[in-house]
Amino acid sequence: MKRAIFVLVSIFAILLFTTGCNRQQTVQAPVDAGNEASLQIVTTIFPQYDFVRQIAEDRVELTMLLSPGAESHGFEPTPGDIIAINSADLLVYVGGHGDIWVERILASLDTEIRTVALMDLVEPLEEEIVEGMEHGHHHHEHSHSHDHHHSHDHEDCDDGEHEHSHSHDHHHSHEHDNDDCDDDHHHEHHYDEHVWTSPENAILIVEALTDILAELDPANAEFFRSNAAAYIAELEELDRAFAEVVATGVRTTLIFGDRFPMRYFTDAYGLTYFAAFTGCSAETQASPATIAFLIEKVRTEDIPVVLHVELSNRLIANVIVEATGARLLEMHSLHNVSPADYAAGVTYLELMRRNMETLREALN
């Protein structure tokens, strides 16, 4: 126990030094005051937060680490976040290259924490570079498999770096395959982490989370399963409605003057896309060639809508709109929500239904 406290304090000091004014507050959902034995569930970003909220309502103490309105790709945990993780009954995170900080924190703790990574609950897809897209990669080199129960062994750590590997009950290997090496350069496979953008994936995630919550809190298992069944029915209806919008559209191509975090969504409905960057790109300025390519696509295919994602500066999308006369609309990736949407209690279903109306305009 003393060692765990020492490790935590050391991490706190490092984080306080490195994060400075970028520290973010966690957000918590209301909890049932009469349920003193509530599970403590920590989620990193909005999709898992809302899925757990729909399943468990106020029967758990639910925390989202990413503050509403904050940029998710540059997230740095605060000491308070680490305390929340250390005391959690369950940590739900994405598991992609953007969550390497989670792996490092888990490796630093002596206690076992039940965890689940969304990318291990569905079939992950590799990020792809489509025609016209910027090619620069920015990702952390990161490969792992996960286990819901993490055991952390510090004996083999060198120079303060924790070597660790995890295996998950729902196993997908995210090992980087180097068989396609050319000219002695390793080709790293980078998986798109925005798995929740497909309603079919959302159903798989909700089913898995429900099983875990029921296992952790058998007294509320029936409540969790009843809520999940009703919620899954809504997700199935959402899926059917999106398929109908696509089927009745006059085109199948989307233009994103922005990052493209909707790979699972477009694959699910057979849509084609062109975009400035991949979903987790750190870039914010596209080359003139990329912008010219997107402008030409809009013009030649008579695309009526240029899309941007939530919390974007919209700079690239605005240039394309000004050059083509297309309408500018938001396609929400649900990676994070605005403070106003969070305060209003916005949900995954609500945001996806907004996306449905955007999609209807973009395809007609």
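Predicted model: local features only at pLDDT ≥ 70, side-chain atom pairs only at ≥ 80, totals over all residues.
Residues are numbered from 1 along each chain as its sequence is written, and side-chain values use heavy atoms, with hydrogens and water left out.

**View 1. Helix H2, tucked into the structure.** H2 covers residues 46-56; helices here are DSSP runs of H or I with at least four residues, strands are E runs of at least two, and both are numbered from the N terminus. Ten of its eleven residues are buried, so H2 is largely enclosed by the rest of the structure. Buried means under 20% relative accessible area, exposed means over 50%, and partly exposed is in between, using a 1.4 Å probe and protein chains only. Among the buried ones are Phe46, Tyr49, Phe51 and Ile55.

View 2. The side chains of arginine 53 and aspartate 50 meet here at 2.6 Å, N to O. A salt bridge needs a side-chain nitrogen of Lys or Arg within 4 Å of a carboxyl oxygen of Asp or Glu. Both residues sit in H2, three residues apart, or about one turn of the helix. An α-helix has 3.6 residues a turn, so residues three or four places apart point the same way. Aspartate 50 is buried at 0% relative accessibility, and arginine 53 is buried too, at 17%.

**View 3. Aspartate 211 meets arginine 225.** Their side chains form a salt bridge at 2.9 Å, N to O. This pair links distant parts of the chain, with aspartate 211 in helix H5 (residues 199-216) and arginine 225 in helix H6 (residues 221-248), 14 residues apart. Aspartate 211 is partly exposed at 41% relative accessibility, and arginine 225 is partly exposed at 42%.

**View 4. Strands S8 and S9, side by side.** S8 (residues 305-308) and S9 (residues 327-330) pair in the parallel sense over four bridges; to count as paired, two strands need at least two bridges found by DSSP. Valine 305 stands opposite arginine 327 in S9. From S8 the chain passes through helix H9 (residues 315-324) to reach S9, a right-handed β-α-β crossover. Right-handed here means that, with the strands pointing away from the viewer, the path from the first strand over the helix to the second runs clockwise.

**View 5. Arginine 327 again, now with glutamate 361.** The two side chains meet in a salt bridge at 3.1 Å, N to O. Arginine 327 is in strand S9 and glutamate 361 is in helix H11 (residues 348-362), so the pair ties together parts that are 34 residues apart in sequence. Arginine 327 is partly exposed at 40% relative accessibility, and glutamate 361 is partly exposed at 36%. Elsewhere, salt bridges that share partners join Glu128, Arg263 and Asp267 into one network. The whole structure holds twelve salt bridges.
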